[in-house]
Amino acid sequence: MQWYKTAYIGLGSNLGDSRAILDSAVHALSLLPATRLQVISSFYRSPPLGDYGQPDYLNAVASISTMLDPNVLLDSLLTIEREHGRVRGPQRWIARTLDLDLLVYDDFVMQTDELWLPHREMYKRDFVLVPLLEIAPGLTVPGYGKIESMVEKCPRRGLERLVEPVE
Ligand code: ROI
């Protein structure tokens, strides 16, 4: 018998109509097979981490419950990225229409070439941790501890929670 697992997905966009792109990506998550969309955080505006020449990002985190295993889920996320015009190439830090990161999958810990769980950089990204805290207070991130203490330890870099409607 298979059980639903809870997974958390980070969404980011800083090219094109980021608001519409994130809305559309959330809709695409809701259509995944054997998956239910649970909660979507507020949207946050955040300065680019990495290359300061790029536009600000719009970021959010969604929770789903899913029977897809982590690798199948990752493939589905990459497909949704491609459907939204994302071209993944050798350059890591360039602007992108849509970035979907599998952050946490149940209590899974794995490190393969394709997939690290929990996401290997989430602990230092306020634009991931703050929206995650908003939708999952009390969450324990395997190997890191409580989301509250992760947020406390993470430097803030000018993250701004957007109140509807977004101008
Ligand atoms: N910076 C911000 N603020 N938000 C992102 O989603 C984001 N994604 C990335 C890099 C280039 C690391 N910078 C980011 O992949």
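Which elements cover the buried residues of α2? The legends below take up this helix and then other parts of the model.

The model is predicted: local features need pLDDT of at least 70, side-chain atom pairs count only at pLDDT 80 or more, and totals for chains, interfaces and linings use all residues. Residues are numbered from 1 along each chain as its sequence is written, and side-chain values use heavy atoms, with hydrogens and water left out.

**View 1. Helix α2 and its cover.** Helix α2 is made up of 14 residues, 70-83. Helices (H or I, at least four residues) and strands (E, at least two) are DSSP runs, numbered from the N terminus. From first C-alpha to last, α2 reaches 20 Å, close to the 20 Å expected at 1.5 Å a residue; the expected span is 1.5 Å times one less than the number of residues. Pro70, Leu73, Leu74, Ser76, Leu77, Ile80 and Glu81 of α2 are buried. Seen down the axis of α2, these buried residues fall within an arc of 160°, so they line one face of the helix. The arc is that of the directions from the helix axis to the C-beta atoms. Buried means under 20% relative accessible area, exposed over 50%, and partly exposed in between (1.4 Å probe, protein chains only). The cover over the buried residues of α2 includes β1, α1 (18-30), β4, β5 and β7 (116-117). Contact here means heavy atoms within 4.5 Å. Arg82 and Glu83, which are exposed, sit on the face of α2 turned away from its buried side.

**View 2. The ends of α2.** Asp69 caps the N-terminal end of α2, with a side-chain oxygen 2.9 Å from the backbone nitrogen of Asn71. After α2 comes Gly85, whose phi is positive, near 85°.

**View 3. Helix α1.** The 13 residues of α1 should span 18 Å at 1.5 Å a residue, and the end C-alpha atoms are 18 Å apart, which agrees. Buried in α1 are Ser18, Ile21, Leu22, Ala25, Val26, Ala28 and Leu29. They cover an arc of only 160° around the axis, which puts them on the same side of α1. Their cover includes β1, β2, β4 and α2.

**View 4. Helix α3.** Eight of the 10 residues of α3 (residues 126-135) are buried, so this helix is largely enclosed by the rest of the structure. Among the buried residues of α3 are Phe127, Val130 and Ile135. What covers them includes β1 (5-13), β5 (99-105) and α4 (147-153).

**View 5. Ser65 in strand β4.** Ser65 belongs to strand β4 and counts as buried at 7% relative accessibility. The side chains of Ser65 and Gln38 make a polar contact (2.9 Å). A polar contact is a pair of N or O atoms within 3.5 Å; within protein, one must be able to donate a hydrogen and the other to accept it, and residues adjacent in sequence count only if both atoms are side-chain atoms. Not counting residues up to four places away in sequence, Ser65 touches Tyr4, Lys5, Thr6, Ala34, Thr35, Arg36 and Gln38.

**View 6. Asp113 in a loop.** Asp113 lies in the loop between β6 (110-111) and β7. With 76% relative accessibility, Asp113 counts as exposed. Asp113 and Phe43 are 70 residues apart in sequence and 30 Å apart in space, C-alpha to C-alpha.
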